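Good morning, and thank you for joining. I would like to go through the domain arrangement of this model, chain by chain.

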Amino acid sequence: VENVRLLDRLSSRRAVVGTLYLTATHVIFVENGSETRKETWVLHSQISSIEKQATTATGCPLLIRCKNFQVIQLVIPQERDCHDIYISLIRLARPVKYEELYCFSFNPKLDKEEREQGWKLVDLNEEYNRMGVPNNYWQISDVNRDYGVCDSYPTEVYVPKSATAHIIVGSSKFRSRRRFPALSYYCKGNNASICRSSQPLSGFSARCLEDEQMLQAIRKANPGSDFIYVVDTRPKLNAMANRAAGKGYENEDNYSNIKFQFIGIENIHVMRNSLQKMLEVCELKSPSMSDFLWGLENSGWLKHIKAIIDAGIFIAKAVAEEGVSVLVHCSDGWDRTAQVCSVASLLLDPYYRTMKGFMVLIEKDWVSFGHKFNHRYGNLDGDPKEISPVIDQFIECVWQLMEQFPCAFEFNERFLIHIQHHIYSCQFGNFLCNSQKERRELQIKERTYSLWAHLWKNRADYLNPLYRSDHSQTQGTLHPQIASCNFLYKFWSGMYNRFEKGLHPRQSVTDYLMAVKEETQQLEEELEVLQERLANLQKSQSGDNKVKSKQQDQSKQTGLYTSNNSLANTPQEYSNDLKSFPSRSPSQGDEEDSALILTQDNLKSSDPDLSANSDQESGVEDLSCRSPSGGGCLPSEDSGKDSDEAVFLAG
Amino acid sequence: MEFAELIKTPRADNVALHRPFHPAVEGTLCLTGHHLIFSSRRQDNAEELWLLHSNIDSIEKRFVGSLGTIIIKCKDLRIIQLDIPGMEECLNIASSIEALSTLDSVTLMYPFFYRPMFEVLEDGWSSFLLEQEFELLSSVTNEWRLSCVNKEFSVCPSYPPVVIVPKCIDDEALRKVALFRHGSRFPVLSYYHKKNGMAMLRSSQPLTGTNGRRCKEDEKLINATLRSGRRGFVIDTRPLNVAQQARAKGGGFEQEVHYPQWRRIHKCIERFNILQESFIKLVEACNDQSHNMDRWLSKLEASNWLTHIKELLTAACLAAQCIDREGASVLVHGSEGTDSTLQVTSLAQIILDPRCRTIRGFEALVVREWLLAGHPFQQRCAQSAYSNSKQKWEAPVFLLFLECVWQIHRQFPCSFEFNEQFLILLFEHAYASQFGTFLGNNENERAKLKLPQKTMSLWSWVNRPEELSRFQNPLYEANSLVIWPSVAPQSLQLWEGVFLRWNRPSKFLEEAEEERINIIKYNKELQAKVNALRRQLAELETGEETREE
């Protein structure tokens, strides 16, 4: 469709005209204009909602909201075209079969061997070995081979040595969806462990001997401690309500040596609504500070984030400081349990704070233990009530911890944002389906590519320059007691306003430092070469004193520094008064700003979010981005508020 | 008066000092005329705390049996607690601290007693003179002149003796304009934008009153800054209704009939007690130890502090935009022209002028736009967020300015030569200092107090190389562009470095800063080494060539 206008959400004055294409996998908008045919690509699987608004004189507006928090506003001249697009997109955004998803057609031009290698990058067996199991207390159990006991669990699970197949099967019958207690994390230093399960089917009075034996076995696997914590991550009220349905929580009287603890994390429906409310705040046009803070508070989002981290802190403390094992569950044990176990692991073990370790962590606590990616992130058309930003919350928890411990993580914010993006993109097979069983049936590993290999290949882009493996923050447990202050939790505009580049800092410290480090490395190499050459020369010249001085051209290395300031940006609409001012020359303002988009925003399918477009001030020397990744890291796009709606001018 | 009279108990032993995130320490407390000194007796970890009495904002005392507790709340927002055995000692100490921290006379303040332990390399009192500024200006334009009309402070008591005004306006006209402006603060040059020759002026409100008085000289003065055929903007920092109400008290605003070439824009920048209350509420919220997320956000919101930040930044951006993008001259004023006016003009310069983002340039800006311009520091900074007194002239005007600079700094972390610590330093010294820089309310008062002769300037100390190194931003690379910050709520954050400074463990953040410094330092060292080697190699190689020839 031609002559479509793409509106800038923050400024109606910055609309661009172009052509809209629909392909089998993407919505593509290509700007008109001779040199700068900027392209915007959106994967169908990223589309979360499409809204057709009332037709106006200029055309028919179409609002597309994406799961990666991009919001696209189009105005299509013909109502009929708009309707057709709307209908097509609705269908395309809600595939019914896995085979329709992008990962089955995505081909990054790797051969079979490379693809297989990619899938081998993250190996959970290796990971359990790294943790120190199997050992005297823990063994691998094949009770779930062929998914015979629990179809949402992996085939290989680690259980206490004293837990016989009989106990496991018995316990599984007493747990929702037969998700029996299994090992999530083992602490080599003191034998304490984190286990996970679903809720017991205790109702008001039911008991299960095998389940009690199972918990006893977990305690025995940690000889240093005479009790275990059982952490129910639900609010007490929710857990009690479940009893009426024959589910519920452990009765301390029936289990010897457990300490039972509720941690009130809300359910997926509350979280879904909370995110919805927060996104409404993000979408406000020129909100006042009060609108924003009030809306943020009202969404409750940060409160939920804090609850998850606090739960992780509780468990990490129990394991690291008290040396007590913990069994974590919620209802089904695949949402809150996954969040809390992975936050606790991250706090406990520096390995999970490395890039590779973080991939392993997601693979272990989320993918292998049957987090329902398909249902939660709506990859296939399904029940909208199943959708909830469960892993988004975990990813934000990691970001919040990164803000508090800037040297503790090997990866940077971009790494988290890209993982979030690909959980929804369905470009890689990792997060397809709801369980390992389904993924094996679909032959994901044979038919699709692994995200981890892709991220690993580009790992230079994702490094935190402040990370040093020998730094104190990268050793041992992160001391979490400090994380409990409420004012430490901040709104993550890098994620939720990800596409409003104008709202972000205009210079990236991370990219700057990465570039410096890269240059440092080159200098180190050069230094070595020079020293060698010098030594050789001196040898050959020994005794010769004739030296003539001559200035050497040193342009090579100064080049890097001068090209750093790619921060030309343009002013926002700070007042609408300027618009109506009569003496204003037409050569200033809009035209100048909008004609200055230089870089082509070519959203290559493999890196959909490394797009950069930068307005540059005219007459400014050639300023190129210093970032080694060349990515959209120094966003300089005008963050201009919509001039017509701007409320900057008081009175 | 002898300080000794106020000190009944100069020393107490076995005092316990409590601070957040530090274990309690036991030691000896001493009171001197200007300091509260606490030193721990522990050999392994001798610790000393020196606190200026003038830094104490309020004190509270409590008793449990004969153990007295004094809670000291400081102007830099820190809170410490001292447990003092003995009721009498405790009462004596408390009353001494109270008396010593609220001395009336400026000349009893510590700067008049302070003897520097460092060698003065450069006298800060004469580091930043308006004459030098004018010299720089003269090299690019001859449209301005330095006027001594205010010699002896005879025309405007809150202006410095020299000011920069349009060349075509003589001193006689200036005297007339002074009569037409509140507090005689006639329009003077604040900033000249070299890129396009546009000027930013500042003044106080015109005294139009209800009957629309006018002053031809005033009109002529500000029109002199316009290019022919072009118009200018008057940015009034008050909302229109406030400006209108001001007429009843003899004030007012520039009316279109008399200033047809100027377009007026009203902004709403809060003043005085509204800011002070906001400051108090914010600090209260930051000190609230409850772990309830909701209460934190609503308290932050209710303080309105970030709203003030947003409004102020927006106004400054607008002024900068008028000058740089619209190519128009700008006149900024509120009522008195000593508070919101200076916030706007100084922030606009941060945005427009790369020089103001260097350390010396920023110091010059503070001197020019705050100290010389007559911001009443002594009144505004007499008390901080813990004071109970409801004096109406106290307000965190300068702190708001510093925070706005910090907000811009956060968005352009590589464009400033100084770091966050430098801004915090200025905040601290504006409220309590051993230096005389921020004493007095204007140049007139400073001259009368003979501050340059009797006290040391902050700049004399801070500009010494060993001090400066602490305030340098390792990421700095000169950026000659105009920097446009985002003023969206998502882009503004609470200034943790000031407001949460004492309420959070800062170890991890400090370590991060250390890493940043080391990364840059190592890079620079390597560069120097490589350069040296290259040179050496080049010399040897040419030697080789000559020998071969």
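Contact here means heavy atoms within 4.5 Å. Among contacts in chain A between residues at least 6 apart in sequence, 70% join residues at least 24 apart.

A word on conventions. This is a predicted model, in which local features need pLDDT of at least 70, side-chain atom pairs count only at pLDDT 80 or more, and totals for chains, interfaces and linings use all residues. Residues are numbered from 1 along each chain as its sequence is written, chains are lettered from A and ligands numbered from 1 in the order in which they are written, and side-chain values use heavy atoms, with hydrogens and water left out.

Let me begin with chain A. Of its 651 residues, 61% are buried, that is, under 20% relative accessible area with a 1.4 Å probe, protein chains only. Chain A has 21 helices and 14 strands, taken as DSSP runs numbered from the N terminus: helices are H or I of at least four residues, strands E of at least two.

Domain bounds come from an automatic or database domain assignment. For chain A this gives domain 1 (4–94) and domain 2 (127–501), with C-alpha centres 36 Å apart. Between them, 12 residues of domain 1 of chain A are in contact with 21 residues of domain 2 of chain A. The two bury about 1500 Å², of which carbon and sulfur atoms give 52%; buried area is the accessible area (1.4 Å probe) that two parts lose on being put together, summed over both.

Which side chains form the salt bridge? Those of Glu283(A) and Arg65(A), at 2.8 Å, N to O. A salt bridge requires a side-chain nitrogen of Lys or Arg within 4 Å of a carboxyl oxygen of Asp or Glu. The count between domain 1 of chain A and domain 2 of chain A is one.

We turn to chain B. Its assignment gives domain 1 (4–103), domain 2 (130–504) and domain 3 (509–542). The C-alpha centres of domain 1 of chain B and domain 2 of chain B lie 37 Å apart. Here 14 residues of domain 1 of chain B contact 21 residues of domain 2 of chain B, and about 1400 Å² is buried between these domains, 63% of it on carbon and sulfur atoms. Asp57(B), Lys75(B) and Leu77(B) supply 47% of the area that domain 1 of chain B buries against domain 2 of chain B, more than any other three residues. Across this interface the rule finds zero salt bridges.

Methods
Buried means under 20% relative accessible area, exposed over 50%, partly exposed in between (1.4 Å probe, protein chains only).
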